[in-house]
Amino acid sequence: MMAQYLALREEAGDCLLFYRMGDFFELFFDDAKKAAAILDIALTTRGEHNGVPIPMCGVPVHSAESYLARLIKGGCRVAIAEQTETPAEAKERARKEGRVSKALVARDIVRFVTAGTLTEEALLEPRRANVLAAACEVRGTVGIAACDISTGRMELEECAPDRLGAALARLGASEVVVPDGWEMAPDDAIGRSGHEFSSDGGEERLKGIHGVATLDGFGTFTRPMLAAAGGLIAYLDHVGRGALPLLLPPEPRSGEATLAMDEATRASLEILESTQGTRKGSLIEAIDRCVTGAGARQLAEDLAAPLTDRSAIAERLELVEWLHDDALLREDLRAALRSLPDVGRALGRVVAGRGSPRDLGQLRDGLSGARAISDRLAQRDDLPVLLKALLPHLGGHGALVDHFARALVPAPPTERGQGGYIAEGYDAALDELRRTSGNARRAIAALEAKYREETGVAALKIKHNNVLGYFIEVPSRHADKLMEADSGFSHRQTMAGAMRFNALALHEEASRITEAGAHALAAEEAHFEDLVAEAVAARREIAGTAAALARIDVSAGQAERAAEGGWIRPEVVEGLSLDIEGGRHPVVEAALAAQGERFVANDCRLGTHDRLWLIGGPNMGGKSTFLRQNALIVLLAQAGGFVPAQSARIGMVDRLFSRVGAADNLARGRSTFMVEMVETAAILAQASERSFVILDEVGRGTSTYDGLALAWAVAEAVHETNRCRCLFATHYHELARLAETCEALSLHHVRAREWKGDLVLLHELADGPADRSYGLAVARLAGVPPKVVSRAKAVLEKLEKGRAETGGLAAGLGDLPLFAAAQETREEQCDTLREKLRDMDVDALAPRDALEILYDLKREAGTEP
């Protein structure tokens, strides 16, 4: 056995090996130690290997899913080794091979369980998609393939190498597969052979899976996309041991079709999870009112990839508004959706070969419910454009639903091994087998009564177990009567206090039950396979219905959230304006409402001639909240939802950047300031005129002079070079002087007042520069000891006196040329020096001549020798 285990262990690679032994999955050696620690189960030993006890632990097969879920969350991957033959088959094989020793049951790895390839309902989060992605580089362009195998949706895209991080952050993949040795691979990516990432191979696999001669009907796919698809399918083939899951036709995705956000922006805006890594405190937690898991997953995708197509945004907003304005219809629709099962994931399990009778029942009920919703909505003559497009996908399954309704019982079981899921009246032969089995059981009950009467033993019982089958059991004190030679009973087993017997009539009835039951199970299994085949044949249409239901749920949920909070429909336009009146932060407002407090709304009006706002004021005054709320309003609007404001007119944004707060990234050797500079550099390099940027406290992680200089230069660059809409929060009052030279920059501050020694934060945004920072007042509010605050006040007075005498940190900055002019001057000087050096024949210079030239160059550079 150990030789078999070690061979399978070698095949499992870096996965834990679940080795099937009877009713348990066993783990040995280091696998056992690791699993026992994660699962908090007992670690024992079994025998020895090379003279050393073998560590061992195990989990029951019937509850393996719960243990697998914990191992997957713990970052493990698991290989499942099942018995591939019965003990009887093993004995027969040994006999044919001429061996007389006890035969070892053959085992093989039947499946790899990994974070990105889960389909089991117990292992998946209902409200979160489970995405597997593959990425590779082809001639300087990165191809990305992504799919959620629980629903079969597959997307292909390409991007520049520097956009890979943003693309993967948008997908939020549970696993990323890359070619071995790829330098751009994410830290936790899974390496596979580079031969699997072949564009030709990927194209051929996709054609074969979908039975087409060309992929043109699905869209236009580039070589990088197809190469990534090849790697993705090869990995799925590996983990499924040759059995591919549900894969719908691939959809090409254009990077320009969605609002681009990098990983830092997504993290700082807390879109799908908070900074604590949980859903609580995130944007989606504050707005999700979907009543189905599929709807919640679609909403998460909408928020992760807002649109940049005005017509598509308008269609989503029109449907939300239609449902918002009709509260009765919205409630009826949400009630109908709430009762539906998760059709998409049920289909995924069925196509992957892991479906159950219950999954078929869910397809029946879900498709039937979709048809009822379609019939209800079709009665309206004022349908929005998007809903008109969705309605045809809700129907068209009448024959399948009717067939499944006739074939299945109302509530099919999750296991099919015991039968009982095919409805009575569907198959006359099956009904007859069931009657035979039922009559036999009644006959056994009659036999028990007969034997009691004949023997006079009232305690006689007919029982059943998996070893003996049916048998007669009597207490030992009554066994003599049944042991007599002419009694008609034959002894089978002696127990403590009881004896077991058989009889000819009982044996005949038991045979009838066994035979009828086996034939009934076989008949049900055949019907199950037929029903599965029918569902698989209609997989694309069923998936289309699931997607349509999810979109309707998202729209109804958005309408419900808007009605709850008094949110409004935004106007998304082509210009470069950002005009938000009475904007609010959805997460902060919800948190304050839970405490019975009111959120203070603020306006934000950015335009071509006022596109950069410099915002000052005290800590805790609401600067960061104001920055984030406007970014989130843009995101919500372009995702096709209502926004928390009194009115909102939003010029289309192509990229959204947020540099709000930072933390050390010790894993990459980056300090807080380094992280801040990396994020700022990405903004300055990538933001376009159509982008929206929020910057909070740039330069605070270094010395005062360095920080002010960096903040000054960054603000100028955003104003002069990027020319994007930007909210820039700072504590550097000296930056207010930028308003003198930057015509599209305006000054604002969050209001605060001191009243009887206490700081009162008003959380209101006002025009003009901040008069002071109130830092000492905030420190006092935070509980800093009075003596420390008093000492800080004395130091501050000294510093302010010195600043008044010298002109302060910003002394002389007004004489600096503008950002563009400074760049031109510096480049001209460098060009002059470069030209002189280029024309110089160094080898022909005498030492004295070289020294004179060096002095001349230093004088020209403005530095005296």
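The model is predicted: local features need pLDDT of at least 70, side-chain atom pairs count only at pLDDT 80 or more, and totals for chains, interfaces and linings use all residues. Residues are numbered from 1 along each chain as its sequence is written, and side-chain values use heavy atoms, with hydrogens and water left out. Helices (H or I, at least four residues) and strands (E, at least two) are DSSP runs, numbered from the N terminus.

**The sheet**

Strands of a sheet pair through backbone hydrogen bonds, either parallel or antiparallel. Here, seven strands form an open sheet of mixed pairing, in the order β13-β23-β24-β25-β21-β26-β27. At its edges stand β13 (260-261) and β27 (758-767), each of which pairs on one side only. Two strands count as paired if DSSP finds at least two bridges between them. Strand β21 (residues 612-616) runs parallel to β26 and is joined to it by five bridges. Within these strands, Ile615 stands opposite His748 of β26.

Helix α22 (residues 623-638) lies across β13, β21, β23, β24, β25, β26 and β27, and runs at about 160° to β24.

**Two helix pairs**

Axes are lines fitted to C-alpha atoms, for helices over the stretch in contact, and angles run from 0 to 180 degrees between N-to-C directions. Contact means heavy atoms within 4.5 Å.

| Pair | Angle | Axes |
|---|---|---|
| α17 (residues 428-455) and α19 (residues 504-537) | about 155° | 8 Å apart |
| α23 (residues 672-686) and α24 (residues 704-722) | roughly 15° | within 11 Å |

The angle of the pair α17 and α19 makes these helices roughly antiparallel (over 145 degrees). Their contact includes Leu430 and Tyr451 of α17 and Ala505 and His527 of α19. Its residues divide into 13 nonpolar, four polar and five charged. In this classification, Ala, Val, Leu, Ile, Met, Phe, Trp, Tyr, Cys and Pro are nonpolar, Asp, Glu, Lys and Arg are charged, and the others, Gly among them, are polar.

The angle between α23 and α24 makes them roughly parallel (under 35 degrees). Among the residues in contact are Phe673 and Met677 of α23 and Leu710 and Val714 of α24. This contact has eight nonpolar residues, two polar and no charged.

**A loop residue**

Thr741 is found in the loop between β25 (725-729) and β26 (745-755). Because its relative accessibility is 34%, Thr741 counts as partly exposed (between buried, under 20%, and exposed, over 50%, with a 1.4 Å probe and protein chains only). From C-alpha to C-alpha, Thr741 and Glu716 are 9.4 Å apart in space, and they are 25 residues apart in sequence.

Technical notes: Parallel < 35°, antiparallel > 145°, perpendicular 65-115°, else oblique.
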